[in-house]
Each structure stands twice: as C-alpha cells, then as structure tokens.
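Here's a quick briefing to read with the model open beside you. Take it topic by topic and find each residue as you go.

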Amino acid sequence: MICVKKTALFKSLALKFLASAVLLSAIISCSSAPKRAMRVTDTGEKADLLFEQGNSYLAGGKINEAGKCFSESYRLAVSIDDADLLCRICLSAVIYKIQSAPEAPYFSEHTKYSLLDQARGFSDRSGNKKFYDNVCDIYQARILISDNTSDGEKARAALNMLSEKEKELSKDSYYMGYLCRTKGDALTALGSFSQAAALYADAAGHHLKDRYLLELGVDWYSCARAKSLAGDRTGAVAAIENALKYDKDAENTAAIASDYRAYAKILTKGEYTEAEKNSAVRALKWAGAVYKSGGFDKESDDCILEAEKLSSK
C-alpha cells in the first residue's frame, strides 16, 4: 500500500510539474515574441530623405540634382498617398521651377503656378490643413516676387500677404524664418534695403533656434547683400562672415564659394583701398578653387576671370 501511494503521489507531482512547465513556456514565448509594427514606413522614410536631399541640393546651387530628388520623392509619396509630404514636395518644386531654366527636365509638365495649386490640393487632404494653407501662402508670395514688375505692385502684394501670416506661423521656427526672409526679398525688390537687412537678420534669429544651418547661410548672405546695397560696407562684411561660418558648418560648397565671391564684391564696391583690392583678389581666387572642387566649372572660371580683371586695375 505504501508503494502504491508513493507511486500515485509521484505521478501527481510529475503531472503538476509538467503543467507548470508548459504554462511557463507559453508565458515566455508570448512575452519574448517580437511585436509586429502597426505601420510600415520604409517608402515614406525613403521619400522624405530624397525630399531633404533635394532641398540641400537646392540650397547648394545644384538645381538639376534637386529636381531629380524632388521628382523621385514625389513618385514615392504618391505610391503611399502621403498628402503632407506631397504638399511639401510641390512647394519645394515651386522654388525649383523659379530657379531652373525653362528647358529643365524635371516637372516639365508643370508650371510654378500649377505646382502651387497641387500643393493647396494636398493641403486640403492633409492632417494639418490650416498650417499648410498658411505655408502655401508664403510660396505664393515667392511667386509674386519672382513675377514682380518695375512698379513693384506684386512685391507689395506679397508683403501684405506675408504680414497677415506672421501670427499663424510664429511658433514654427523654420517657416517663420522663411517668412521673414521672403519679406526681406520683397523689400529688396522694392529698394528698401535697410529694412530688408533687418528682416534677414530676424530670419536668421528664427532659424538659429533649431539650428537650420543651410537656412542660416542664406539668411546672412541675403543680409550682407542688402547691407551692401544700403551702403553699409562694415555691416555687409560682418554679415557675409556670418554666412561663411554657417555655410562651412553645413559643408555647403557652392555657398562657401559664393560667400567669398560676395566678400570680394563688397570690398570693391565704390571707392576702395589697395589693401581691400588685394583682399578681394585673394577671395575671388579662392572662390574659384572652391567652386572647382564642387564641379562648378563655369562659376570657377568666372571668379578667376574677375580676379584677373581686378588685379589689372
């Protein structure tokens, strides 16, 4: 009897142990299994990277490369029906169309006006319609400035449009900075250079908040140009030095070369000393070397020719 009871007891214990082991195995299996993602983002991330690369090319003066990136990014964004990204791509493509030659190969079936219309359509379908509608207005202002006539009517219309959007975009450092710079461009078109310079500096202040290096270089370059046009050589030199700093930080080859070229023009505007002329010649030669390193052969040759002409004076 004792042996029977022990055997029964051992069987009971064995069954309990086996049940516990099975339960523990199931718990471990469930807790360690990888969780499945509820959203696939591979195509979206690739499209977004191409879009950002296109903007970098645009800022660096590589217009054709920018168009290629925007075109491919657009195709991918359509394939996943990403209205937010499509709105932003169309807006950058507006700038591409403004800066490119009429025979440029990308978005050839579109005009800057039709691209803006597309952007507004995608804004309507986006998850942030009010925000993107305001951003679209900035790009409409840019189109107006690019179409400005000698009477300045369109530039003034752009200024009025932008002033109405300041409150709406004040919390977004990128677009608020872009708005300020666009207002500066409108004022430059109207010949109000000192006011324009102040707005370019304001744009830099907004872009500095989130370290938009490419934008900072453009802001300070624009400020230097406006100050030079206003006759403020000292202020223009300080501004172009700021532009050079941020363009170096961004490793923006074309912008670095353009900064040196602008520095030379600032130094030799109006009356200048022999020392200023020599500094300008050195800056032009170095601008040519930097352009050459980035594959901008025409710009490089132009700088070398300018340096030779200035040296002979």
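Two residues are in contact, or touch, when they have heavy atoms within 4.5 Å of each other. Keep in mind that this is a predicted model, where local features need pLDDT of at least 70 and side-chain atom pairs count only at pLDDT 80 or more, while totals for chains, interfaces and linings use all residues. Residues are numbered from 1 along each chain as its sequence is written, and side-chain values use heavy atoms, with hydrogens and water left out.

**The overall picture**

- The protein has 15 helices and zero strands; these are DSSP runs numbered from the N terminus, with helices being H or I of at least four residues and strands being E of at least two.
- Of the 313 residues, 42% are buried (buried is under 20% relative accessible area, exposed is over 50% and partly exposed is in between, using a 1.4 Å probe and protein chains only).
- If you take contacts between residues at least 6 apart in sequence, 58% of them join residues at least 24 apart.

- H206 sits in helix 10, and its relative accessible area of 16% makes it buried.
- Leaving out residues up to four places away in sequence, H206 touches S173, M176, G177 and C180.
- Y200 is in helix 10 too, and it's buried, at 2% relative accessible area.
- Y200 and C180 are 20 residues apart along the chain, but their C-alpha atoms are separated by 6.5 Å.
- Again not counting residues up to four places away in sequence, the contacts of Y200 include R181, G184, D185 and T188, and also D219 and S222.

**Aromatic pairs**

- Rings of Phe, Tyr and Trp (its six-membered ring) pair if their centres lie within 6.5 Å; planes under 30 degrees apart are stacked, over 60 are edge-to-face and the rest are tilted.
- Count them this way and you get ten aromatic pairs.
- F131 and Y132 form an edge-to-face pair, because their ring centres are 5.3 Å apart and their planes are at 70°.
- Y132 is buried, with 8% relative accessibility.
- Y174 and Y212 also pair edge-to-face, since their centres are 5.1 Å apart with the planes at 70°.
- Y174 belongs to helix 9 (residues 173-189) and Y212 to the loop between helix 10 (193-209) and helix 11 (213-229), so this pair ties together parts 38 residues apart in sequence.
- Y212 is partly exposed, at 30% relative accessibility.
- Ring pairs join F131, Y132, Y139, Y174, Y175, Y178 and Y212 into one cluster.

**The nonpolar core**

- A nonpolar core is a set of buried Ala, Val, Leu, Ile, Met, Phe, Trp, Tyr and Cys residues joined through side-chain atoms within 4.5 Å.
- The largest one here has 86 residues, and F70, L91, I138, Y139 and W220 have the most contacts inside it.
- Not counting residues up to four places away in sequence, W220 touches A201, A204, A239, N242, A243 and Y246.
- In soluble globular proteins, nonpolar side chains tend to be buried together.
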